[in-house]
Amino acid sequence: MRALWPGRAGHGFVAAYVVLLIAFGVVPTGYAVYFAFTDGNARFTGLSNFSRAASDFRFVPAVEHVALYLVFWLASLVILVVGLSLLLQRMSARGVSKALRFLYYIPGALAGAAGVMVWLFVLDPTVSPVSFLLRAMGFDTFGQVVAPGQLPVLFTLIAFWTGAGGWIVVMHGALNNIPHEVIEAARIDGASAWQTARRIQIPMLRKWIIYMVILAFAGGTQLFVEPQLLAQASVGVAGRDYSLNQLSYDFAFQNNDVNTAAAISVELLLVGLVVAAVFVARSGFFDAD
Amino acid sequence: MTVKFRAALVAVGAVLALGAAACGGSSSGKAGTAGSGGTFKPAAQTGGTLTVWVDSTRLAAAQLYQKQHPEVKMDIVTYDGDANGSNYLQTKVSLFNRTGSGWPDVVFSAENNEAAWAVPAGFTAPLNKGLIPQATLDGWATNANAPCTVDGTVYCLRNDLSQTVLWYNDKLMKQWGYQVPTTWEQYQALGQKVATEHPGYLVGAAGDTFTPEVYMWAGKCGANQITGAKAVTVDTTSANCTKMAGLLDTLILDKTMSTSSVFSSDFDKNEADKILMMPGPSWYGGALFQGTFKTPAGQIGVAPMPQWAGDSSPSVGNVGGGTWLVSAHSKNLKAATDFLTWATTSDDYQGKLAPGYPAYTAAAKTWLAAQSASGYYADDITAPLTAAADQVWTGWGYGQFSQEAIWAATVTPGVNAGKTITSLLPAWHDSIVNYAKTDGYQVASK
């Protein structure tokens with residue numbers, strides 16, 4: 001029997017995934033593309049939904065906000081996640097690594113919205129457990145903390161806190177996969193910790209870093225939960241139509257214009273695709289080692 | 001890179017971005033049902049369970065009705081009441097319009113501008129075209145149902161009024177020998193006096209989303225003159241606007257006008273016991289002073305809202321006051337109308353249980369009597385609140401776009417950063433114009 005269809009269990013698992021992917025990924029996306037090019041009466045409208053979105057007064061600021069946020073978020077992710085993973089790797093001999101990995105992972109285990117709620121308390125000087133830090137930085141009220149100019153940094157902090165732990169665990173696993181002999185050889189050759197990291201470990205992590213950047217970029221362009229919750233908590237002082245996804249949501253449910261909302265979603269999809277393609281092409285992501 | 005790898009690359013990229021896009025704002029569908037327009041055609045009246053959506057505060061109304069009317073089969077659902085402009089109701093109705101089912105029969109909303117979107121979305125049933133007798137509708141306070149009226153048709157009923165008055169601490173006023181101001185000029189002068197004689201004490205707060213409604217609306221600043229179903233005139237730099245902005249700036253600089261929200265934890269902790277005066281809506285008494293601030297009984301008094309010197313037509317602002325809507329899709333119009341009438345007019349709920357000043361005049365009398373009998377207030381609150389109920393300035397309207405959200409995003413961050421409100425008036429103007437245009441309004445601006 002076994003010889004009849006080798007690997008059928010694998011096919012079974014993949015099939016289940018493919019069905020879900022089609023139902024909740026491909027079909028909704030096709031639906032969004034359809035709406036992006038039609039109007040409320042299902043007539044083909046060419047690019048008019050895209051131009052309506054682009055000419056809305058909220059569009060350019062939203063693009064700027066998301067772009068700025070991505071710069072902060074991707075830079076902090078690459079530098080801090082790789083740095084912390086390397087530190088963790090060096091500590092593994094001392095037995096604290098497991099505890100630290102667990103600690104890093106905890107925030108990621110909180111659901112996204114709950115993680116943001118925790119930060120809303122942390123950022124309010126009146127109730128924050130670190131209010132002394134906030135006051136030392138000159139912030140006495142929540143309104144001062146969530147000033148528009150500080151939002152990219154705040155959203156990066158929140159996203160890093162909720163999302164980076166998982167990546168540290170992934171990077172740690174990837175670092176463990178580097179053959180011990182290679183590191184050993186470097187040490188015998190007299191390489192310092194920094195040289196080992198820069199010349200051996202980071203180059204060998206490259207594909208994982210690229211993978212992280214592609215996913216983090218796609219996720220980052222979808223910024224929504226953080227500003228939406230902050231807008232509710234700050235009664236609108238910060239973030240009501242801060243990101244492109246919020247703008248899309250506003251078009252759909254505030255202006256009753258799902259077609260323009262879909263156009264923005266399709267643009268985000270395209271940007272995600274193009275950036276993923278560029279990174280994959282330039283990094284040789286799929287090249288066989 | 002091989003062709004195969006390129007194909008794989010595109011596929012992987014697609015999958016990565018797709019998942020995120022599918023989770024994001026790409027929910028799509030046909031545009032909402034056309035506006036109800038002409039004559040109202042009710043759905044087939046089949047009866048069945050009456051579905052009622054209320055916020056947690058109005059839950060008591062639905063429960064009491066159910067207790068008094070056990071024969072009505074009710075499904076009571078609590079939601080956020082659309083408070084703080086959450087748009088929950090609009091979002092849900094938009095989805096129900098798409099799927100063609102799911103609408104509740106009766107909804108309470110804490111927002112006053114629901115008719116602005118609910119009428120074109122075809123969600124609300126006209127109430128003065130046979131559902132509720134005109135004699136009943138005549139029982140509401142003057143202009144109370146203005147937010148619900150589109151082209152002469154009433155599409156919702158006002159739950160409570162939120163007319164603004166001047167709340168003040170009677171004990172401190174007497175102790176310090178101050179007179180309660182009757183004009184804005186006197187109000188500002190007293191604020192400046194307090195700054196030197198009793199620093200730390202407050203004559204008001206301008207850190208909330210409803211700051212424009214308390215001060216700009218009451219001061220007859222025509223920033224939001226809704227002149228038609230889809231027309232607005234915006235003028236933020238008239239004399240009344242700049243005078244009021246200057247007044248707020250002066251008192252903010254003197255630190256007698258707080259820039260914190262009265263609902264924020266820092267206000268509650270640091271400033272709640274430092275209030276000498278505070279212009280605000282009728283619900284401040286119970287919700288804020290008695291509820292949140294726990295100000296002791298016998299201290300808080302109510303005076304008429306200050307007016308500009310020489311202005312003979314008194315005007316007050318308005319901060320919210322919820323509305324009740326009946327779904328145009330209801331299969332239980334009779335039961336829905338019965339419940340609606342009871343919830344808005346009954347003495348048992350509005351007069352004796354409701355936390356806010358009832359919009360229905362007869363119930364308001366009962367409510368005021370109960371408030372006076374409670375002994376909480378320093379003096380009689382009936383006269384100033386009753387007078388203010390009929391003085392809400394009609395030059396400010398209820399558009400689909402949220403004035404509260406616009407002020408919060410445009411003016412408040414600037415004030416927090418140390419800018420004056422006067423310097424932010426042009427930015428406020430531009431923001432209102434932009435949001436109004438996005439919602440399809442014809443904008444006339446000055």
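This is a predicted model: local features need pLDDT of at least 70, side-chain atom pairs count only at pLDDT 80 or more; totals for chains, interfaces and linings use all residues.
Select strands E13, E8 and E14 of chain B. They form an open sheet in that order, with antiparallel pairing. Now look at the edges. E13 (277–281) and E14 (300–303) of chain B each have a single partner strand, so one side of each has no neighbour in the sheet. From one strand to the next, the twist averages 35 degrees.

Zoom in on E8 (residues 164–169) of chain B. It is joined to E14(B) by 4 bridges. Pick Trp167(B): its bridge partner in E14(B) is Val302(B).

Next, show helix H15 (residues 382–389) of chain B. H15 also packs on the sheet, touching E8 and E14 of chain B, and its direction makes about 155 degrees with that of E8(B).

**Aromatic rings**

Over all chains, the structure holds 43 aromatic pairs. Select Trp217(B) and Trp396(B). Their ring centres are 5.4 Å apart and their planes are at 10 degrees, so the pair is stacked. Trp217(B) lies in the loop between H8 and E10 of chain B, and Trp396(B) in the loop between H15 and H16 of chain B, so the pair ties together parts 179 residues apart in sequence. Both Trp217(B) and Trp396(B) are buried.

Then select Tyr65, Phe108, Trp324, Phe339, Trp342 and Tyr349 of chain B. Ring pairs link them into a cluster.

**Charges over rings**

Go to Lys243(B). Its charged end sits over the ring of Trp308(B), 4.3 Å from the centre. Finish in chain A, where Arg58(A) lies over the face of Phe251(A), 5.2 Å from the ring centre.

Key
Residues are numbered from 1 along each chain as its sequence is written. Chains are lettered from A and ligands numbered from 1 in the order in which they are written. Side-chain values use heavy atoms; hydrogens and water are left out. Two strands pair if DSSP finds at least two bridges between them. Helices (H or I, at least four residues) and strands (E, at least two) are DSSP runs, numbered from the N terminus. Axes are lines fitted to C-alpha atoms, for helices over the stretch in contact, and angles run from 0 to 180 degrees between N-to-C directions. Contact means heavy atoms within 4.5 Å. Rings of Phe, Tyr and Trp (its six-membered ring) pair if their centres lie within 6.5 Å; planes under 30 degrees apart count as stacked, over 60 as edge-to-face and the rest as tilted. Buried means under 20% relative accessible area, exposed over 50%, partly exposed in between (1.4 Å probe, protein chains only). A charge sits over a ring if NZ of Lys or CZ of Arg is within 6 Å of the ring centre and within 35 degrees of the ring normal.
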